[in-house]
Amino acid sequence: MPWRVLEHAERCWNVSVAAERHPSSPQWNLVFSFRASDPGQRPVWGAYPLSSSSKAALFAQAERVSNEDLLGLLAQLLG
């Protein structure tokens, strides 16, 4: 189930949210996955400039990310 659904470039994109942490860092970093609803499309992953030492706090911050910011990240990733 997607976290959010967005429209960009005449396509519907299912957005998922994840957190990743590098072994040498105590900080979790926010990452979004964008998957076009077209069959066979591979997801596009992009890091978002938010981090936290708490994964739960990071997901709470993700809830406040606007659709416009997500669309900007997607456009940048599709470049």
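Pro 26 is exposed, with a relative accessible area of 58%, where exposed means over 50%, buried under 20% and partly exposed in between (1.4 Å probe, protein chains only). Pro 26 belongs to the loop between E2 and E3; helices (H or I, at least four residues) and strands (E, at least two) are DSSP runs, numbered from the N terminus. Apart from neighbours within four places in sequence, Pro 26 is in contact with Arg 21, Ser 52 and Ser 53, contact meaning heavy atoms within 4.5 Å. Between the C-alpha atoms of Pro 26 and Leu 6, which are 20 residues apart along the chain, the separation is 32 Å.

The model is predicted: local features need pLDDT of at least 70 and side-chain atom pairs count only at pLDDT 80 or more, while totals for chains, interfaces and linings use all residues. Residues are numbered from 1 along each chain as its sequence is written, and side-chain values use heavy atoms, with hydrogens and water left out.

The sheet comes next. Four strands make up an open sheet in the order E1-E2-E3-E4, with antiparallel pairing; two strands pair if DSSP finds at least two bridges between them. E1 and E4 stand at the edges with a single partner strand each, so one side of each has no neighbour in the sheet. From one strand to the next, the twist averages 30 degrees. Strand E1 (residues 4–8) pairs with E2 over five bridges in the antiparallel sense, and His 8 has Arg 11 of E2 as its bridge partner. The two strands form a hairpin with two residues between them, and Ala 9 in the turn has a positive phi of about 50 degrees. The loop between strand E3 (28–36) and strand E4 (44–52) holds Ser 37, which counts as partly exposed at 44% relative accessibility. The C-alpha atoms of Ser 37 and Ala 62 are separated by 22 Å, at 25 residues apart along the chain.

H1 lies across E1, E2, E3 and E4 and runs at about 115 degrees to E4. H2 also lies across E1, E2, E3 and E4, running at about 60 degrees to E1. For these angles, axes are lines fitted to C-alpha atoms, for helices over the stretch in contact, and angles run from 0 to 180 degrees between N-to-C directions. Glu 68 is placed in helix H2 and counts as exposed at 59% relative accessibility.

What holds the interior of the model is a matter of side chains. In soluble globular proteins, nonpolar side chains tend to be buried together. Here the largest nonpolar core has 14 residues, of which Leu 30, Phe 32, Phe 34, Tyr 48, Val 65 and Leu 70 touch the most other members. Such a core is a set of buried Ala, Val, Leu, Ile, Met, Phe, Trp, Tyr and Cys residues joined through side-chain atoms within 4.5 Å. Strand E2 (11–20), E3, helix H1 (55–62) and helix H2 (67–78) each supply at least two residues of the core, and the largest share, four residues, comes from E3.Phe 34 is buried, with a relative accessible area of 0%. Not counting residues up to four places away in sequence, Phe 34 touches residues including Leu 6, Trp 13, Val 15, Pro 43, Leu 70 and Leu 77. Ser 33, found in strand E3, is buried as well, with a relative accessible area of 5%. With the same exclusion of residues up to four places away, Ser 33 touches Asn 14, Val 15, Ser 16, Pro 43, Val 44 and Trp 45.

Aromatic rings complete the picture. A search of the whole structure finds three aromatic pairs; rings of Phe, Tyr and Trp (its six-membered ring) pair if their centres lie within 6.5 Å, and planes under 30 degrees apart count as stacked, over 60 as edge-to-face and the rest as tilted. The rings of Phe 32 and Phe 34 have centres 6.5 Å apart and planes at 45 degrees, so this pair is tilted. Phe 32 is buried, with a relative accessible area of 0%. Trp 3, Phe 32, Phe 34 and Tyr 48 form one aromatic cluster. Two charged residues sit over Trp 28: Arg 21 lies over its face at 5.4 Å from the ring centre, and the charged end of Lys 55 is over the ring, 4.6 Å from its centre. A charge sits over a ring if NZ of Lys or CZ of Arg is within 6 Å of the ring centre and within 35 degrees of the ring normal.
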